[in-house]
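Here is a short briefing for a first look. Start with the sequence and the model, then read the points below.

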Amino acid sequence: MPSGKGVSERLAGMGIQPGDQLQVVQNQGGSLLIETAAGSRFVIGGGMADKIFVTRG
């Protein structure tokens, strides 16, 4: 996740680490509802979402 230290720390606090597989469940108004491989769901704002590098799996 090439992002600022604050964003990386916040995502780590939610249990999301670099290399984790995430699925976008909903994209509405710039905010994303994401689901982790473990089944946890989180909503992140557009500013944070813009700082996460993703690839299609």
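Helices (H or I, at least four residues) and strands (E, at least two) are DSSP runs, numbered from the N terminus. R10 lies in helix α1. The model is predicted, so local features need pLDDT of at least 70, side-chain atom pairs count only at pLDDT 80 or more, and totals for chains, interfaces and linings use all residues. Residues are numbered from 1 along each chain as its sequence is written, and side-chain values use heavy atoms, with hydrogens and water left out.

**The sheet**

- An open sheet holds 3 strands in the order β1-β2-β3, with antiparallel pairing. Two strands pair if DSSP finds at least two bridges between them.
- β1 (22-28) and β3 (41-44) are the edge strands; each has a single partner strand, so one side of each lacks a neighbour in the sheet.
- From one strand to the next, the twist averages 25 degrees. Axes here are lines fitted to C-alpha atoms, for helices over the stretch in contact, and angles run from 0 to 180 degrees between N-to-C directions.
- β1 pairs with β2 (residues 31-36) over 6 bridges, in the antiparallel sense. Q26 has L33 in β2 as its bridge partner.
- β2 and β3 also run antiparallel, joined by 4 bridges. L32 has I44 in β3 as its bridge partner.
- The hairpin of β2 and β3 has 4 residues between the strands, and G39 takes a positive phi near 100 degrees there.

**The core**

- Buried means under 20% relative accessible area, exposed over 50%, and partly exposed in between (1.4 Å probe, protein chains only).
- A nonpolar core is a set of buried Ala, Val, Leu, Ile, Met, Phe, Trp, Tyr and Cys residues joined through side-chain atoms within 4.5 Å.
- The largest such core has 10 residues: V7, L11, I16, L32, I34, F42, I44, M48, A49 and I52. α1 (5-13), β2, β3 and α2 (46-49) each give two or more residues to this core.
- In soluble globular proteins, nonpolar side chains tend to be buried together.
- F42 and I44 form the covered face of β3, while R41 and V43 form the uncovered one.
- Contact means heavy atoms within 4.5 Å. Leaving out residues up to four places away in sequence, A49 touches L32 and I44.

**Two residues to look at**

- T36 is part of strand β2. T36 counts as buried because its relative accessibility is 14%.
- Beyond residues up to four places away in sequence, T36 touches I16, Q21, L22 and F42.
- R10 counts as exposed because its relative accessibility is 57%.
- R10 and M48 are 38 residues apart along the chain, and their C-alpha atoms are separated by 9.5 Å.
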